[in-house]
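Hello,

Here is the structure I promised to hand over. Please open it next to this message; my notes follow below.

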Amino acid sequence: MSRPRARFEDPGTTGTVVVVASGCLLALVAVMVTASPGGFVDVQIAVAFAAFIALGELVRITLPGGRDAAPISTAGALAYALLLRWPGEDVDHGALQVVSVTVVAMLVGVAPHVVGGRAPSLESMSRRLLAVGFAALLFRGTELAEFVGGLRGAALALVMVCFVLATLVVDAVLAAAVQAGAAGAPFRAVLRNELQVQVGIGSAIGTTGALIALAASIMGVWALPVFVVPLLLTQFAFRRYATIRQTSLQTIRALSRVTELGGYTEAGHSRRVSVLALAVGRELGMSDADLRDLEYAALMHDIGQLSLAEPIPGGATVVAAPGDQRRIAGLGAEVIRQTGVLDQVATIVDLQAEPYRRAHQIDRAEVPLASRIIKAVNAYDDLVGESTETGRRLEALERLRLGMAYEYDPTVVDSLSKAVDRISRLGA
Amino acid sequence: MDPLPLRARLFVVAVAVLAAPLPVIAFVEGRGQFDVVDFVALGLLIVFTDSIGARGSRDMVKIALSSVVASACLPLVGGWGSIVLASATAVAYDRQPAVKRVFNTAQMILAATAGAASFTLLGGAAIGPESFPYLIVPFMAALAMHCLVNGMLVAGIVHLHQGVPMRVVFQGTMAGSLSGYFGYGLFGLLLAVMWDADGAGVGPASALLLLVPLFVARWAYAQYAEEQQAYDRTVRALMTAVETKDLYTRGHSERVSAGSVLIARAIGMREDRVCSLRYAGMLHDVGKLGVPTRVLQKSGRLTEGEFAAIQRHPMQGHEIVREIEFLDEAMAGIMHHHERIDGMGYPMGLAGEDIPEFARVIAVADAFDSMTTTRSYRGARTIEEAIVELRRCAGTQFDPAFVEAMIEAVETQGWSPEVTPLFESPVDEALDEPAHRFDHDDPTHADSVARGGAL
């Protein structure tokens, strides 16, 4: 996707390099072993599954939230890894053959995308290959294989589901490790987010893999076309969901610029605040759902200014009187609350002008983390703006630090200075 | 539910009488042919899927859940067994009125009978080593028959109840459920394969496995519907916020959107384009935010520079929504909604067919709404006056075809200019500015803009 993602993609992080390198290494070894004489068995079955995987790769989707995925391809590869029987015969391809077939099929399926200039990230493909390799090696390559080979019916299904679950966890851990490295976020928080994704679509992919493997033992190759139809339908639903999510975000981004065109705020202010707020939120380990609310709130945090008769000079709310700041926040929240569906976002916007420590309101609940983040980031951007000068940046951070523990949350300011640091290094 | 008309009640009774003996006959005929554990487990599963299905909207996955189980019955317990099991719908937990419950159960039994008949006639049987690929054929045929009978019976009752033509209802149900029946219905075959002792032999537990992907699909559909609605509301609320700048344009965006849709429907525009146009109408004036408030609210004559500022608003609107990918065609509508057929409009001075269709539609709806609402310098004109004015400007300012489409739609469907705003403006003090006298949407004024003169 060509659109700038509000996410810090740093291709040089160690996690990404390790995952891609291990993926390539695994693929290389697997293909070499499989290509050696006698290394490739049950060619017809392999071709059938390769076609399925390639098709899945061809119709890959972007999941809501921006994750790259090829659910049908993954399910097919898992099924091939778990496949023990075929009508009338036992199937005994090795784990490395599973990896080879998967990697070749993935490359074939991805080729049209590469030609069309929409190449998926090497990292996500490597990760999936590693996960499939893990499942195949565990299921076919270890002592477990013999034990599993004796199972039938429900027991076999149960064991397969356990393997699939383990694979999903491995995939989530790999994804989390890569992301945590890239965004400077705590590993546990990122892992939680990744596991949440696995509970949804991941569990569907996994069980489908097990189901295909079981059904193919009776239906043979016919299991594949019979499965592909409902899977395509489901994927279509996900695609539509992802598209509308994307459209929503684009619309909010676009409309957040309305205050800029109206001369209420400086050019690019909302966008910069949202990018920086997201970086801080990620570093503080917020969940995906909270991050989404944070992004919306950050984009729309100044919408209340539209109701002002006279724009604040330069749109910098940080120089407005605290009472005015709160009034603007309240007006913005009112607008957002009218949507009836963004209540969380409205609350965040509403409380963005509240000081971190509110001596006058001891009995009220704490200001939400998202509001504290927006308050600090907004103040920072009001002071720095588009400038990339180091001096100005440090001065602004210093000013926030002076207000720490009363105006601004110290942990937020801390993360903010780290995030600012990282971004300026990336920019350099 | 409204009280059913007598004809509809008679229809329900007829269907029920027809269906009632079937499970009994099937039970007597098929007794001993099926495994009791399978039979009971499938029955419970039907009750379960029917109960959760009833709560959701009529999406295709809802149809899928129960039809998956229903169709899995065919290879598992045979035709007779599946007819008996169809009557389990009667005890589904869904708080339906008795009439509806009776009808639903009866039509499920009839549909199951049709499905079972075609399955058996085409040689469908229990799963065995030689079943595939042939078993897929009778199975698909059974799905088709099931779907067909179901659709016809539903069309019948809706027709008798609400007077909607049968063909329309039938097509509507089919369009919505065909992919659900055939796509997800195939899961029924897989369920049977997994379940059957001569298949993968997983037994009733296979339902747990198969329901996972189905539930995830269902979740995705629900999320999509919810998000779509949220999106609509968000755009509306934000445009209303934009309109708080000007008391007199409140609700304008929404009415222009509605007017544009009226025209689009009248000229038979394709449905996905209508949807895009709806958003274009909603957002057409978003660029006004770029016009300094001072100019928008100025009460005296406008200088040339101020005119230029106002004329920039379509471009600025385009600038704002440029990044929203799906608005594609809508963007052209926003950018050119002040072009004129005679080429005297702005910002580009396009003429005739060169002006994008969306822009020509929005221009008409925009002018019509502007004339029929109260402005500070005049009261609202009547709809008749507005129609006369639109006709006067057809061919010079507006596309005559769309003017006629708008007039026809307004005359047949009515027009309510004062749409209740989504919410009251939170700050009225900001709006106590002197009201402006220049209305860029009003055709009489637009003429003077086109001529390039001051008012």
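In chain A, the C-alpha centres of domain 1 and domain 2 lie 42 Å apart. This is a predicted model, so please read everything below as computed from it.

**Chain A: two domains**

The domain assignment puts domain 1 of chain A at 14–238 and domain 2 of chain A at 257–427. How many residues of domain 1 of chain A are in contact with domain 2 of chain A? Ten, and they meet seven residues of domain 2 of chain A. Helix H8 (residues 187–219) of chain A gives the most to the domain 1 side, with five residues. By class, that side of domain 1 of chain A has four nonpolar, four polar and two charged residues.

**Chain A: overall**

Chain A holds 17 helices and four strands. Its C-alpha trace spans about 80 × 45 × 40 Å along the principal axes. Of the 428 residues in chain A, 52% are buried. Take the contacts in chain A with a separation of 6 or more: 74% of them are between residues 24 or more positions apart.

**Chain A: helix H11**

Helix H11 of chain A runs over residues 269–283. That is 15 residues, and the helix reaches 21 Å from its first C-alpha to its last. The expected figure, at 1.5 Å a residue, is also 21 Å, and the helix comes close to it. H11(A) is mostly covered, with 13 of its 15 residues buried. After H11(A) comes Gly285(A), with a positive phi near 75°.

Start with Val148(A). It sits in helix H6 (residues 144–149) of chain A. Is Val148(A) partly exposed or buried? It counts as partly exposed, because it has 19 C-beta neighbours inside 10 Å, and a buried residue needs 20 or more. Beyond its neighbours within four places in sequence, Val148(A) is in contact with Phe139(A) and Val159(A). Gly66(A) is 82 residues from Val148(A) in sequence, and their C-alpha atoms are 37 Å apart in space.

Then go to Ala321(A). It lies in the loop between helix H12 (288–299) and helix H13 (322–337) of chain A. Ala321(A) counts as exposed because it has 8 C-beta neighbours inside 10 Å; the cut-off for exposed is 12 or fewer. Glu260(A) is 61 residues from Ala321(A) along the chain, with 21 Å between the two C-alpha atoms.

**Chain B: overall**

Chain B has 18 helices and zero strands. Buried residues are 49% of its 455. Among contacts in chain B between residues at least 6 apart in sequence, 69% join residues at least 24 apart.

**Where the chains meet**

Between the chains, 62 residues of chain B are in contact with 57 residues of chain A. On the chain B side, the elements giving two or more residues are helix H7 (166–195), helix H8 (205–243) and helix H13 (313–321) of chain B. Which of these gives the most? H8(B) does, with 24 residues. The chain B side divides into 44 nonpolar, twelve polar and six charged residues.

**Chain B: helix H13**

H13(B) is largely enclosed by the rest of the structure, because seven of its nine residues are buried. The buried ones are His313(B), Pro314(B), Gln316(B), Gly317(B), His318(B), Ile320(B) and Val321(B). What covers them? From chain A, the cover includes helix H9 (223–256) and helix H10 (258–261). From chain B, it includes helix H10 (271–283), helix H12 (304–311) and helix H14 (328–335).

**Confidence**

The model scores ipTM 0.82 and pTM 0.81. Chain B averages a pLDDT of 81, and 85% of its residues score at least 70. Two stretches of chain B need care. Over residues 419–438 of chain B, pLDDT stays under 50, and the model has 41 contacts there beyond four places in sequence. Over residues 446–455 of chain B, pLDDT also stays under 50, with 13 such contacts. Where pLDDT is low, the predicted coordinates should not be read in detail.

Best wishes

Notes:
Residues numbered from 1 in each chain as written. Chains lettered and ligands numbered in written order. Predicted model: local features only at pLDDT ≥ 70, side-chain atom pairs only at ≥ 80, totals over all residues. Expected span 1.5 Å × (residues − 1). Domains from an automatic or database assignment. Nonpolar A, V, L, I, M, F, W, Y, C, P; charged D, E, K, R; others polar. pLDDT = per-residue confidence, 0-100.
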